[in-house]
Amino acid sequence: MMPDPAIVLRTEALYKRFGSLEVVRDVSLELPRGARHALIGPNGAGKTTLVNLITGQEKGDSGRIHLDGADITEVPQAARVRHGLTRTFQINTLFPALTPIESVTLAVCERERVAGQFWRSLVAHRRAIDEAFEILQSLGLAEVATRRTRTLPYGQQRLLEIALALATRPKVLLLDEPAAGVPKNESMLLFKVIEALPEDISVLFIEHDMDLVFSFASRIVVLVSGGVLIEAPPDVVRNDQRVREVYLGQARHG
Amino acid sequence: MTDATAASSESFRWLQRRRRFSVYEIAFWLATVVPFFVFPTYLTLASQIAIAALFAISVDLILGYAGIITLGHAMLFGIGAYTAGLISKAGWGEPLTGLLLAGGFAGLVGFVVSFIIVRVRHLALIMITLGLGLLSYELANAMEWLTGGTDGLQGVDIWPIFGTFKFDLWGYTAYGYALIVLFIGLLLSRKLVHSAFGLSLRGIRENLKRMPAIGSNYRGHLQKIYTISAAMAGVAGALLAQTTSTVSLDTLSFQRSADVVVMLILGGTGRLYGAIVGAIIFMVARDQLADMNPQYWYFWIGLLLMFVVLVTPDGILGALSRLARIRE
C-alpha cells in the first residue's frame with residue numbers, strides 16, 4: 001500500500017490493556033501534515049496512555065504506528081524522537097539544576113549526535129548553542145536563558161517543556177496538556193505560541209479547557225474509555241449529542 | 001538579528017565562564033607542592049591522599065555527574081592494583097606502561113560490567129555494585145596462585161620513572177608521581193565535565209525520564225562514563241601498587257568502596273574538587289585520629305559524616321563555595 005504523503009502520523013487499531021482493563025481500544029488515527037488537532041476526553045479516557053504508546057514510552061499490545069510512511073511500531077522511544085516524533089509532558093519533566101540554555105543545547109547536541117563527545121568542549125559547539133538560544137528567544141525565554149530551571153516561574157517552565165521538544169526538530173509534536181496548571185490569561189498566550197509554530201510541525205495536543213480547544217484546534221478527537229468516540233471538526237463535535245452526554249454526565253457526577 | 005547575536009553571545013559567554021580556571025584552583029595546585037618542603041615526613045601520607053583523591057574523582061564522575069550510585073568501585077581499584085603488581089612481578093617494572101595497562105584492563109572490565117550497570121537503578125544498582133565488589137574480593141582471595149591470597153603480592157619491583165627517578169624511602173618520587181597523575185586525571189575529568197558529554201551526564205542525573213524524550217541514547221552515555229571511571233579507578237589502584245611495592249586484598253575490600261563514597265560525600269559530589277577535599281579530610285583525619293585511638297577512629301568519621309550531610313548537604317566544598325559567592 002502506498003503511504004499517503006499528506007498523512008504524517010497514522011495509528012492502526014492500537015490496543016493497550018492493564019489486566020482486564022482496556023485503556024486504549026482500537027484507536028486508528030491519522031494526523032495530516034501541518035495539523036493542529038486536539039485530543040480530548042474525560043479523565044481516565046486513556047489520552048496520556050495513547051500518547052505514551054505513540055511515542056514509544058509504553059508498548060502497545062497490538063496495532064501499528066506509522067510515521068511518514070515508515071512503520072515505527074518496534075522502534076524505541078529515543079529513535080522515534082530522532083525520526084521526528086516528539087512529545088512534551090503534562091507534569092514538568094525538565095532538568096531542574098540546569099539552565100534553559102544548557103537544557104536546550106543538550107537537546108540540540110543529542111539531535112546532532114555530538115552529545116557523546118567528551119574530548120571537545122561544549123563551547124566548541126557554537127552553532128548548537130546559538131540554535132538553542134534562538135529557540136529560547138522564539139518562546140520568550142531569552143531573558144532567563146542562564147537562570148537555573150528550578151528557579152523559573154511555572155509558566156516559563158511550561159514554555160521550556162516546548163522548547164526542549166522543538167530542539168529535536170519534530171515533524172510531529174504531541175503536547176500533553178501544555179497549559180496544565182497555567183492561569184487562564186497565560187494559557188491563551190501559551191496556545192498562541194503553539195499556534196505560531198512552523199507549518200511543517202504537525203501538532204496533536206491534549207487539553208481540558210474547551211475554550212482553548214475550540215479556539216485552536218482545526219479538528220478534534222474525542223476519546224472515551226480508551227476508544228475514539230468521534231473525530232471531526234470543532235463545529236461538529238460541539239453539536240454532537242454523544243459528546244455532550246459524556247461531558248454533561250461527567251459534570252453531573254463530578 | 002544583531003541584537004539576537006549579541007544576546008546569544010551573552011549566554012555563550014556565560015557557558016564559557018563556567019569552564020574557566022578560578023584563582024582557588026590555581027592556588028590549590030600551587031599548595032600541593034608544599035608537602036615537599038614543609039612536611040617531608042608526611043610525603044607517604046600525601047601520596048596516599050593523592051591516590052585516594054584520584055579514586056574519589058573516578059567515583060564522582062559516575063556518582064556525582066551521572067547519578068550512578070556505587071558501593072563496589074574498589075573492584076576496579078583492586079583490579080588496577082593487581083594488574084600493575086602482576087605486570088611487575090612478570091618482569092616488566094616500567095611504571096608508566098604498567099599504569100596504562102592497569103587502567104586499560106580495569107576499563108575493559110568496567111565496560112563489560114557496564115552492560116549490567118545501566119539496566120538497573122536505585123537499590124538494585126547499589127546491590128549489584130556491592131555484589132560485584134564482594135565477588136571480586138572473594139575471587140581474588142580464592143585465586144591464591146595468582147594474587148597471593150591474604151598475604152597479597154609482595155616484592156613488586158618498580159623501575160625508576162623515565163629510568164631516572166627512583167622510588168625512595170621518603171616518598172619524594174612517590175608523591176611527585178601520584179600528584180602528577182592526579183593532576184592529569186583532574187584535567188581530563190575537567191575537560192570531560194565541560195564537554196557536551198558532560199552536559200548529557202548532568203541531564204541523566206537531573207531527569208532520566210526526559211532523556212529518551214529528547215532522543216538521547218542515555219544507556220550508551222552511561223556505559224561510556226562507567227568505562228572511563230573504571231579505567232581511572234584502575235589507574236589509582238595501580239599507583240598504590242607501584243608506590244607501595246605491594247598489593248593487598250584490601251584494595252578490593254568493601255571498606256575501600258565505602259570509604260571512597262564517604263570521602264566524596266564529605267567533600268561534595270559533582271564538583272571534582274570535592275573528591276580531592278574529601279580525600280584530604282578523610283585521610284588526614286584517619287592519620288591523626290588513629291594515632292590517638294587506633295580502634296575507634298571511625299566514630300569520629302561517622303560523626304563528621306552526619307554533621308556534613310545534615311548541615312551542608314552539598315559537602316564541605318559546596319559550603320565553602322557558597323561562602324565565597326556571598327563574599328563576592
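**Two chains, one predicted model**

Of the 254 residues in chain A, 45% count as buried.

The C-alpha trace of chain A spans about 60 × 45 × 35 Å along its principal axes. How does the radius of gyration of chain A stand against that of a compact globule? For 254 residues a compact globule would be near 18 Å, and chain A has 19 Å, so the two agree. On contacts, take those in chain A with a separation of 6 or more: 66% of them are between residues 24 or more positions apart.

Strand β1, residues 7-18, pairs with strand β4, residues 62-67, and the two run antiparallel over five bridges. Within that pairing, R10(A) is opposite H66(A) of β4(A). On β5(A), D71(A) also stands opposite H66(A). Strand β5 of chain A covers residues 70-71, and two bridges join it to β4(A), again in the antiparallel sense. β4(A) and β5(A) make a hairpin, with two residues between them. In that turn, D68(A) has a positive phi of about 55°.

Next, the six-stranded sheet of chain A. In what order do its strands lie? The order is β6-β7-β8-β3-β9-β10, the sheet is open, and the pairing is mixed. The edges are β6, residues 85-87, and β10, residues 227-232; each has a single partner strand, so one side of each has no neighbour in the sheet. On average, neighbouring strands here are turned by 20° against each other, with direction ignored.

What packs on this sheet? Helix α1 of chain A does, with residues 47-55. This helix touches β3, β6, β7, β8 and β9 of chain A, and its direction makes about 150° with that of β7(A).

On to chain B. How many strands does chain B have? Zero: chain B has 16 helices and no strands. Of its 328 residues, 49% are buried. The C-alpha trace of chain B spans about 70 × 45 × 45 Å along the principal axes. A compact globule of 328 residues would have a radius of gyration near 20 Å; chain B has 20 Å, so it agrees with the rule. Looking at contacts in chain B between residues at least 6 apart in sequence, 78% join residues at least 24 apart.

Last, where the chains meet. Here 42 residues of chain A are in contact with 32 residues of chain B. Which helices of chain B each supply at least two residues of the side that touches chain A? They are α1 (2-17), α10 (196-206), α11 (210-213) and α12 (218-244). Sorted by class, that side of chain B has twelve nonpolar residues, 14 polar and six charged.

In chain A, the open six-stranded sheet has helix α1 packed on it. On the chain B side of the contact, α1, α10, α11 and α12 each supply at least two residues.

Definitions and conventions
Residues are numbered from 1 along each chain as its sequence is written. Chains are lettered from A and ligands numbered from 1 in the order in which they are written. This is a predicted model: local features need pLDDT of at least 70, side-chain atom pairs count only at pLDDT 80 or more; totals for chains, interfaces and linings use all residues. Two residues are in contact if their C-beta atoms, placed from the backbone, lie within 7 Å. Helices (H or I, at least four residues) and strands (E, at least two) are DSSP runs, numbered from the N terminus. Ala, Val, Leu, Ile, Met, Phe, Trp, Tyr, Cys and Pro count as nonpolar, Asp, Glu, Lys and Arg as charged, and the others, Gly among them, as polar. The radius of gyration is taken over C-alpha atoms; the globule rule is 2.2 Å times the number of residues to the power 0.38. A residue is buried if 20 or more other C-beta atoms lie within 10 Å of its own, exposed if 12 or fewer, and partly exposed in between; C-beta atoms are placed from the backbone. Two strands pair if DSSP finds at least two bridges between them. Axes are lines fitted to C-alpha atoms, for helices over the stretch in contact, and angles run from 0 to 180 degrees between N-to-C directions.
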